[in-house]
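Student: I have a two-chain protein open on my screen and would like to talk through some of its geometry. Could we take it piece by piece?

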Amino acid sequence: MSNLHFKLYAPYRNRREKDKNAPLMTLVLRSSSPAHRSRTPEDNIAVALDLSSNRVLHYHRFNKASSKVNFPLNILQDPKSRVELRYDLTDTGIWVCSPQVPQLFTDNFDYQTQYDLIKGVLINEEFLGNQIHAHVANSRYCSRVYNFHSYDVVSHDILSRWTHPFVPEITIDEPSFLENYSLLRHNLYLHNTCTLGKNSQVLDCSLIGRGTKIGNRCKITNSVIGNGCTIEDDCVIDGSYIWDGVKIGCQSTITKSFICDSVQVYSGVMVNQGCVLCDSVHVGPKIDLESGTVVHLSSTTDDFDDGEPELSTDFYLGPYLHVLQIKPYDIAQLGDQGKGYVWEKDNGSETGSDASLVLQMWGIMFIYGSESETSSMDSADEDEQDPIMDDDLTTFQREVKESLCGGIEENIQSDNLVLEINSSKYAYNMSVKDVVQTVTKSLLEIATEKTANDPTQYFTNLKMILTHYVPLLLNYNKNGSSQLDCIYSLEGFALNSEATMNCLVKVLMFLYENDVLSEEVILHWNSNPRDNSGTFSPANVREKVKKFIEWLEEAEEEDSEED
Amino acid sequence: MEQFLLDLKQEQFNGSYDLAYKTINHLRKLISQTRWTHAQELMNTIKKEGKRMITAQPSEYVVGNMVRRVLKIIREEYVRLLGESEESANKESLHKMLTAEGNERDDHTKPLKELKTTVIEAVNEYIDEMEASIHNISAQAIEHIHSNEVILTLGKSRTVEAFLKQAAKKRKFHVIVVEGSPLYHGHELAKSLASKGIETTVITDTAIFAIMSRVNKVIIGTHSVLANGGLKAVNGAHMVALAASHHAVPLIVLGAMFKLCLLHYSDIGGSEATFNRLASPQEVLDYYDGGTEELVNVQIYSPTFDYVPPELVTLFISNIGGNAPSYMYRLLSELYHPDDHVL
């Protein structure tokens, strides 16, 4: 959907004239901030551009799991280029291609999507010499619709006249030129033949189609209502898209939903946000449809021939339909006069690790610390949110733990591990204290995980790990404060773990013998319990450790006596 | 024809003169190429085509003007060929109304052989008149601009540009150009005037009121002239007119006769489309900022035109001379026939 002028065609033509083969195509990109409405996680890209020639050097599309991108170093190595790494671009889906592009698709049959093509061309750039250029279009509007959320955004933009002159009152061709849309204040487009009842209000960015009748006392905001609809009294419609021929009964509320052709919604129905009612469905009187319900005339659990739902049977077979129905309509969910099936929310077996069907359609939106439409779907997409919402500490801890785990399995030398951990520390800007605490905690966690089945083996495993990592611990516990941090984090872990509690003495002994912890530090720790508590309290810890402390004090006296 | 309609819808025309010229050429082609036996049939064809063109872009009044002008030309030629004098046919005097019998009204159905050629000739004459209109207007420049005057103008009007350049040949004066956001057409005008050696200053829209006390005359062009003498001009013109009337500075409007419309100003129920053209908000606020989540409920308007009431205008200069705004409605009867007011 765009109102671009094709002047951008001219530089592309010039490029082609200068060099027949290399310029393959030009992508039209539009700049939009990361928190922009029109960006969804499905279409999140990071691009490296060469400003001097407008070439695309690297193109990465984020998938739902990862939030990191790797830019290869060779893009920065050309002395003549001015490289820009940009995250504020969206691919509008408009590509100006040369005749070689279809050939590339036939040659490489595993290019399933446009994204595959770009990646393929960029990787093979050296051999084939094909270049992809980019044109950043800022002065005009261009956008595409690929899921429900972008449909919503683009519709709203059209009604707000961003796509002028392609706006409803100019572009929609009516059979008789006397019937047209009138543009009223607040971006309202009312067709000349629609009727509004008494005390009905149409507010804010709405469009009412040909021949639609709206009853009394209705309130319609931010919605698009198609041709030939009948909406009865006292309805409230907000942010919804209602297609042609729909009948909506009185006192219904429809919020942020899609209602397709010829649907009949009886009276008293509340359609909550994110619902999709597909063609010709009926939803009975006095029903509350949960958020995110999808109602379709054919059930998903039916066996599909060729994967296509047999909608056409409804029209052709009419009276024989009841014979063919495999299941009766669900009256509890769809009301007395309901017709249609609710599609299951969790398609776990079919779609694997993907989130629910509704989320796939609506797209998950970034939540930058504010309430958003998907708040009702929070529980389902918590997993998806973690990578975005995690702060540095948790990521760092995870990385350290992974390194340490890997260190044991692959028997890596401690020096290398120290290097690894240090580099993580710099990457996440952690303090030394954080490092010490993390290392200690990770070691204990690894031991705990290893002994999940057999608690008695806990200390053996832990000792094995600690023995392996003595040089590492020595490295990080060089001064008194680090050692203190180490003990406190040990204690902190022990407060919540019975196994650790029991062998805490042995652990401390081990660390003392290996010179990881010194006496003064241990004694200092003992006399300064912090105000933490878990399953156990610091007092319990100190009880257990009492004997050890006594032995230590005696040993100290002995030492000092000897000196 | 379809291409013409498409261009109309997408606003591919460069100013009213351009649009008027293309419309009348199109109508001339229609007259010469369609089959018709008598005047009434021709007029019906033109009315039908005209309606389609007007609904394609209702905010462009020039299209309607051209259609009605052509209809008037056809009527005149028909009457002339029949041998009656023009004046007596047109004058609807009280006496005539009392004594006339109903079926004497001529319904233009007499087939006349030379009608086609005469109509096309008359249309050609009209086209020539239109082409010469800018020249005629600028020929009057010398009478209105005196030496050492300070003239204020707004936006970019070809008529005003030619007017000032013509006057600059004989007189020395100073021009202040208002830049006219959001499109900033004033910059182009200033460059063009400066290239002819006219002393030009560019000011922002906000400085108009402050500068107005030092201005001798305000000369602006207009998109259309309404039937009551009001203007449909580029946005910002109302602001200039108010400032001028406050400081008692005369406001002179330049416009050729094809810009004079039958319509009055109407704002019924906020019906914006027929008077004003709301363009893309991109001109005012970039989509980068304007499309963010926070601004979803904010409506951004970018109107193209302004209505200037006739009280604020001092003088109209057109190709047939200068007129007061209160007189403009009288000129309508010379241009358009009453039966064509509603197509």
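Student: Happy to start in chain A: which residue stands opposite A:Leu183 in β8(A)?

Tutor: A word on the ground rules: this is a predicted model, where local features need pLDDT of at least 70, side-chain atom pairs count only at pLDDT 80 or more, and totals for chains, interfaces and linings use all residues. Residues are numbered from 1 along each chain as written, chains are lettered from A and ligands numbered from 1 in written order, and side-chain values use heavy atoms, without hydrogens or water. Strand β7 (residues 181-184) of chain A is joined by four bridges to the antiparallel strand β8 (residues 188-191) of chain A (strands are DSSP E runs of at least two residues, helices H or I runs of at least four, numbered from the N terminus; two strands pair if DSSP finds at least two bridges between them). In β8(A), the residue opposite A:Leu183 is A:Tyr189.

Student: Which residue in the turn of that hairpin has a positive phi?

Tutor: β7(A) and β8(A) form a hairpin with three residues between them. The positive phi, about 65°, belongs to A:His186.

Student: Over in chain B, is B:Asp306 buried or exposed?

Tutor: B:Asp306 sits in strand β8 (residues 305-308) of chain B, and its side chain reaches the backbone nitrogen of B:His238 at 3.3 Å. Its relative accessible area is 19%, and buried means under 20%, exposed over 50% and partly exposed in between, with a 1.4 Å probe and protein chains only. So B:Asp306 is buried.

Student: How are α3(B) and α4(B) oriented to each other?

Tutor: Helix α3 (residues 39-56) and helix α4 (residues 61-81) of chain B pack at about 175°, with axes 9 Å apart (axes are lines fitted to C-alpha atoms, for helices over the stretch in contact, with angles from 0 to 180 degrees between N-to-C directions). Angles over 145 degrees count as roughly antiparallel, under 35 as roughly parallel, 65 to 115 as roughly perpendicular and the rest as oblique. The two helices α3(B) and α4(B) are therefore roughly antiparallel.

Student: Which strands are at the edges of the open sheet in chain B?

Tutor: That sheet has seven strands in the order β3-β2-β1-β4-β7-β9-β10 (chain B), with mixed pairing. Its twist averages 25° from one strand to the next. Pairing on one side only, the edge strands of chain B are β3 (199-203) and β10 (321-323).

Student: And what is the bridge partner of B:Ile317 in β10(B)?

Tutor: Strand β9 (residues 315-318) of chain B runs antiparallel to β10(B), joined by three bridges. The partner of B:Ile317 is B:Gly322.

Notes: Polar contact = N/O pair within 3.5 Å; in protein donor to acceptor, adjacent residues only side chain to side chain.
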